[in-house]
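Dear colleague,

Please find below the sequence and the structure that I am handing over to you. My findings follow directly after them.

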Amino acid sequence: MRPMPQTQLAFDHAPIGLAILEDRIIRQCNLRFAETFGDGATAPDPSRFAGVPLARFYPSIEEYRRIGEQGLCAMRKTGRYSDQRVMRRDGGALFWCRVRGQSVTPDAPFSCGVWSFADLSDERPMVDLTTREREVAILTCRGLTSKEIGHELGLSYRTIEVYRARLLDKFGARKLAELVAKLSGMPL
């Protein structure tokens, strides 16, 4: 057996999920990515993800589009993007994931990039949320006020307050600061 080049060894066995994306399609990924996004019933096989659109791992096509727009806007400015979001495994289970990307084609940020995916399931368990509740939760964690969230989502601030009240209830939080701590996985 021929020894593997060190760069390939580092990519394949990195302790975090890595993927090379071209136009948001997986061209290559590592073992940890295959473990993270696999169905858990079969052995992780990175080759079975090659050519798969990243959209497959989002809770909805709307979230795929919305997050794509946000990411593209940020990457046009800096070439980088990062967030924490809900993603979907092959078997359909949803989980929180930290996503970071670096474009290698600054003039066309999504043409080619290296992305990392960290499963946050241990720190941030899933709570059954609607798509809108998830959007409000994410924007709340970014520090936006109810008015700012309402403006971004095209809703009144009073509607956002209703969603925040639901989130407080679902997460068993008494105050907004406690909710943000629970949403972000910070110890209380």
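**The E3-E4 hairpin and its sheet**

Strands E3 and E4 form a hairpin with five residues between them, and Gly-92 in the turn has a positive phi of about 100°. Please note that the model is a predicted one.

Arg-100 has Ser-116 in E5 as its bridge partner, while Gly-101 stands opposite Trp-115 in E5.

Taken as a whole, the sheet is open and consists of five strands in the order E2-E1-E5-E4-E3, with antiparallel pairing. Strands E2 (25-29) and E3 each have a single partner strand and stand at the edges, so one side of each is left without a neighbour in the sheet. From one strand to the next, the twist averages 30°. Helix H3 (residues 61-78) packs on the sheet and touches E3, E4 and E5; the direction of H3 makes about 165° with that of E3.

Phe-33 counts as buried because its relative accessible area is 0%, the cut-off being under 20%. Leaving aside neighbours within four places in sequence, Phe-33 is in contact with Gly-17, Leu-18, Ala-19, Ile-26, Gly-38, Phe-49 and Phe-117.

With kind regards

Methods: Residues numbered from 1 in each chain as written. Predicted model: local features only at pLDDT ≥ 70, side-chain atom pairs only at ≥ 80, totals over all residues. Heavy atoms only, no water. Pairing = 2+ DSSP bridges. Helix = DSSP H or I, 4+ residues; strand = E, 2+ residues; numbered from the N terminus. Buried < 20%, exposed > 50% of the residue type's maximum accessible area, 1.4 Å probe, protein only. Contact = heavy atoms within 4.5 Å. Axes fitted to C-alpha atoms, helices over the stretch in contact; angles between N-to-C directions.
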